[in-house]
Amino acid sequence: MSLDNYLYLSALLFTIGAAGVLIRRNAIVVFMCIELMLNASNLAFVTFSRMHGNIDGQLFAFFTMVVAACEVVVGLAIIVTIYRSRRSASVDDARLLKL
Amino acid sequence: MITAPKIEYGALAPVLIVLACAVLAVLVEAFVSRRQRYVVQTSLSFAAIALGFLAVLLNKDVSGRFAEGAVAVDGVTVILQGTILIFALLGLLLIAERGFQSFTAQASALPGSADEQRALASGLQQTEVFPLTLFAVGGALLFPAANDLITLFVALEVLSLPLYLMAGLSQRRRLLSQEAGLKYFLLGAFSSAFFLFGSAFLYGYAGTTTFEGIKSVIRASPGNDMYLMVGLSMLTVGLLFKVSAAPFHSWTPDVYQGAPTPITAFMAAVTKVAAFGAILRIFYSTIGGMVWTWRPVFVVVSILTMAVGTIIAIAQKDVKRVLAYSAIAHSGFLLTGIVAFNKSGLDATLLYLATYGFTTLGTFAVVTLVRDAGGEVTDLNRWSGLGKRSPLIAGIFTLFLLALAGIPLTSGFIGKFAIFSAAYESGNISVVIAGVLASAVAAFFYIRIVVLMYFNDPQEDGTSVVIPSPVTALTIGICAVATLVLGIFPQPVINMINSLATFVAG
């Protein structure tokens, strides 16, 4: 099987994630979609790593995982605080700040 | 047989010192009693910045790639790191202010709850903001020095993640502040996903993550490879988000308004220097060979950013939002320096970053002083007549606004002149014309605030300027002096930048 297919899959996952961020309204789901985009990038890294026959891409994938874990810590902290003060995690409700 | 990687500790010292102190500060947070924490944390933070600055000075003549090619230390890095540390110091002075409180006593307590009341009543201030600031500074120092996509990505996140939290720490109007944190976080994470996907495709194109590897592959085959185009465009999106260039600017006004003002000041100066530093290294050095491909994009983005920043700023009624749109407009001016793509463009961008940082830190420092019983007053209407009530502060604020507008004898003029003449020299007349027009429009809303302060009658609604404590007064003083000195005697700084600013060869 051609390695290109993994790249198509990665692009598809990335697009689903990006569309989800723009369409979904719950902050947790938006955040999950962002994680999906990060993982799509990981798939691309690993595929390219295989294509080039070096491990730089795999290395990058590990760093991405660590960073994604840190993002979860920070992100969930923020989302939970918001939820506790407003009883809602909808990004549409967060509209105190505007022109 | 595994050979250990070679780490040049001297060249990396600024980043390592600041990050080590950040880790220490986390331990302080855990083990030192609450009453002593404030003193210990502030001394540790200032020591970290001072030692880091010393290490930067020692690196003055260093030029090379270190830590197995992950970090490039050269003249540009030294200038940027020095600038970042100076702004971090000024930002920390504002954060350390305790005469009036900007930060929530306990971030985890619900707004309006009994927990919050108790935390406020105890009179103890949380000090988590210091380790967070140090981590952000460490990331900012590494960001413009990164010479590898992995390092660049990690530095970007180390810079951003603490800022997401810091944006939500405001004591007054906590819901607003938390909302700013949420927006900043979601949009920031969204843009870093683009950044990462772009890095994946750049790696797919070049087969290596180091900048000089990517550079040599581009030099060997300067074709329009699809991987290269996809990779570069998405990487650019991530970087343009950080500098709040249009059309990726929408987070800026909300975050600048909602975040505690000392954090806004810190963020406005430090993030901008770090992100433009990374843009300079990537677009001037790494993919400089493709200038004909990326320049048109930057011309459009630059003009759009200036237009959005200046035009929307006119309609704003909140002083922090005006300054946020002004920050967007200034990103547009800075992008003309990237468009220029010549040595004078490089020098001008570095100079502009230095001048802009002092001015913007000063303006936000003044904003922290205008208060009523409920906290800071940011509604512009309530600033009317401020010049009659406290002439000194209003005068200093006027100086900063004139510098932001680019009036001669202030640093803003020197920066703008340098950056527009560099763009003109490179033959990109369109951005220069747009820049001059945008400056004219921008002058309108800066001057409007000045008119409001001096020619309107003060309102009797409790708005007053508090007497600054020594730390805030020092910050405002340093910023005002720097704004004037860089406007009247800029030559030493220009000469220094001119002689130092070179990228490591190869």
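A salt bridge is a side-chain nitrogen of Lys or Arg within 4 Å of a carboxyl oxygen of Asp or Glu. By that rule, 1 salt bridge is counted between chain A and chain B. Keep in mind that this is a predicted model, in which local features need pLDDT of at least 70 and side-chain atom pairs count only at pLDDT 80 or more, while totals for chains, interfaces and linings use all residues. Residues are numbered from 1 along each chain as its sequence is written, chains are lettered from A and ligands numbered from 1 in the order in which they are written, and side-chain values use heavy atoms, with hydrogens and water left out.

Let us look at that bridge. Glu179(B) pairs with Arg86(A), and their closest N and O atoms are 3.1 Å apart. Over all chains, the structure holds 13 salt bridges. This pair joins two chains because Glu179(B) lies in helix 7 (residues 174-206) of chain B and Arg86(A) in helix 3 of chain A; helices here are DSSP runs (H or I, at least four residues), numbered from the N terminus.

Now step back to the whole interface. Contact (heavy atoms within 4.5 Å) takes in 48 residues from chain A and 46 residues from chain B. Together the two chains bury about 4000 Å², 78% of it on carbon and sulfur atoms; buried area is the accessible area (1.4 Å probe) that two parts lose on being put together, summed over both.

Finally, visit two loops of chain B. Most residues other than glycine have a negative phi, and most peptide bonds are trans. Arg173(B), not a glycine, has a positive phi of about 45°, and is found in the loop between helix 6 (149-166) and helix 7 of chain B. A cis peptide bond, with omega about 0°, joins Ala246(B) and Pro247(B). Pro247(B) lies in the loop between helix 9 (226-242) and helix 10 (251-258) of chain B.
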